[in-house]
Amino acid sequence: MISARGENRPKIKVDGQGRVHVSWSKPLAKRFTGDIRYSRSDDGGQSFINPVTVNDNRDPIGHRFDSLGVNDEGRVYIAWLDKRDRETVEQQGGSYSGAALYYSYAEPGADTFEPNIKIADNSCECCRIALDIDPHGLPVLMWRHVYGDNIRDHALVSFLSPGKPDTPVRVSHEQWQIDACPHHGPALSISKEGRYHAVWFNDAEDKQGLFYAYSEDNGQSYSPAINFGDYTKTAAHPYVIAVGNKVYLSWKEFDGKETQILVQQSNDGGNSWRLPEAVSSTGNASDHPLLIKNDRQVFLSWQTANEGYHLIAIEEAPVQ
Amino acid sequence: MRHKHTPSIFSLMLLIAASLLSSNSLAASSRDFVQGSYAQIIETHKTHVFFVSLWSIDCPPCREELPEMAAYFSSHPEISLVLISTDGKDLATEVEHVLQQNGLADAESWIFAEDFVERLRYEVDNTWHGELPTSYFYSPGQSRQRIRGRINFKGIDD
């Protein structure tokens with residue numbers, strides 16, 4: 001079994017040597033439980049190694065919402081939401097908000113993962129984790145965190161070395177206080193030059209919708225958050241990808257009849273933005289929109305019930 | 001005596017078995033929530049006070065809220081409860097099971113029965129982005145009140 005819903009879906013990455021890496025959450029018998037699984041192909045997808053379980057706690061509890069990153073050398077990073085600490089606290093009669101963010105890595109070509117490292121207690125428990133690779137080949141993670149009394153803002157952690165996470169930093173400050181599952185995780189893209197580009201959704205009474213900010217100091221501080229998308233059209237599921245100074249945002253809107261995917265582009269590293277442009281639409285069910293890239297081009301990757309799978313090259317938008 | 005007792009124990013067991021069977025077969029099953037269903041719910045209940053709760057078996061705070069909700073509404077029969085599961089029909093059996101476990105087998109229950117969830121959500125509230133639980137309190141002649149996130153039913157003053 002493989003979890004394959006909006007926020008909790010299998011991942012695939014190809015490294016500089018052409019190895020194909022996959023990770024997924026394997027649901028166990030009870031709801032909210034699972035194991036984090038990983039496999040790799042060294043022959044371009046012809047065959048895969050026997051899957052390994054990444055979480056070193058093997059209790060039948062929640063280890064889910066995996067996120068996968070691979071650097072150019074092929075070192076594999078996996079982060080996920082883990083309930084082991086919550087279980088311990090609850091067994092002792094205490095209460096614990098959300099889940100914990102856990103992480104592990106495997107050296108290039110290795111079939112085993114290093115001992116698990118806890119990054120933070122009290123992550124939101126149903127939102128995808130964003131993961132990208134910084135210019136040093138180390139991972140950077142962004143997730144929806146639970147601050148204080150159910151304030152669900154976003155946090156980010158970079159790494160000093162593969163086994164040494166830095167101190168997490170708070171990215172967003174909308175102060176959305178809610179004891180609920182937003183099912184709405186952030187996205188993160190780091191340019192080769194090292195600028196971090198982050199997008200997220202929040203729905204506080206006075207700060208609502210989709211937000212973008214960048215960091216020029218390895219995630220320590222952020223530009224003022226820019227609000228984008230049409231809130232009255234339930235702008236949702238933002239994604240971001242940076243290629244040098246070009247930054248692309250994508251998201252989903254629904255006007256009562258049709259779902260549209262919009263893309264907005266910046267050519268100066270996120271300082272200024274062109275007008276958003278609709279790149280695809282559908283009149284039925286659809287997946288979250290994702291952006292992917294190769295050496296030359298950025299693409300929208302989007303699955304719709306009526307039309308099937310879309311891979312749409314993103315053209316330059318008209319100048320504002 | 002022995003001869004007399006045996007059939008009565010037997011009939012008691014039969015009675016229990018029959019009542020178990022009937023309580024199972026009588027358990028309410030969720031109705032399909034499709035385009036237009038929300039308007040139908042509003043129309044049906046418009047003359048009295050009612051409460052709509054959107055929830056999912058995949059949402060831990062919803063699962064924590066259900067038993068407290070059940071207790072609250074059993075002691076407040078004057079407020080109608082309408083439950084809408086956003087899980088989709090493939091999970092209907094599990095949804096029914098969770099409702100039964102929480103004493104909500106007899107509550108009015110609906111389940112998302114279309115994959116185009118954006119449209120279903122929009123019909124409920126065009127500013128609702130799908131976070132769960134989300135609830136609405138309706139009172140005749142007044143605008144509805146949205147309540148976001150898990151409600152502390154134990155803390156509500158009567």
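**Notebook: backbone geometry, a sheet and the A–B interface**

I began with A:His237, which I located in strand β19 (residues 236-243) of chain A. The model is a predicted one. I looked up the backbone of A:His237 and found a positive phi of about 50°, although the residue is not a glycine. I then checked its surroundings: A:His237 counts as buried, because it has 26 C-beta neighbours inside 10 Å and the cut-off for buried is 20 or more.

In chain B I looked for a cis peptide bond and noted one between B:Leu132 and B:Pro133, with omega about -5°. B:Pro133 sits in the loop between α5 and β5 (134-138) of chain B.

I traced an open sheet of four strands in chain A, ordered β1-β2-β3-β4, with antiparallel pairing. Between β1(A) and β2 (residues 20-27) of chain A I recorded four bridges. For A:Lys13, the bridge partner in β2(A) is A:His21.

Last, I examined the interface and found 18 residues of chain B in contact with 22 residues of chain A. On the chain B side, α3 (60-74) and α5 (117-124) are the elements that give two or more residues; α5(B) gives the most, with three residues. By class, I noted nine nonpolar, four polar and five charged residues on the side of chain B that touches chain A.

How values were computed
Residues are numbered from 1 along each chain as its sequence is written. Chains are lettered from A and ligands numbered from 1 in the order in which they are written. This is a predicted model: local features need pLDDT of at least 70, side-chain atom pairs count only at pLDDT 80 or more; totals for chains, interfaces and linings use all residues. Two residues are in contact if their C-beta atoms, placed from the backbone, lie within 7 Å. Ala, Val, Leu, Ile, Met, Phe, Trp, Tyr, Cys and Pro count as nonpolar, Asp, Glu, Lys and Arg as charged, and the others, Gly among them, as polar. Two strands pair if DSSP finds at least two bridges between them. A residue is buried if 20 or more other C-beta atoms lie within 10 Å of its own, exposed if 12 or fewer, and partly exposed in between; C-beta atoms are placed from the backbone.
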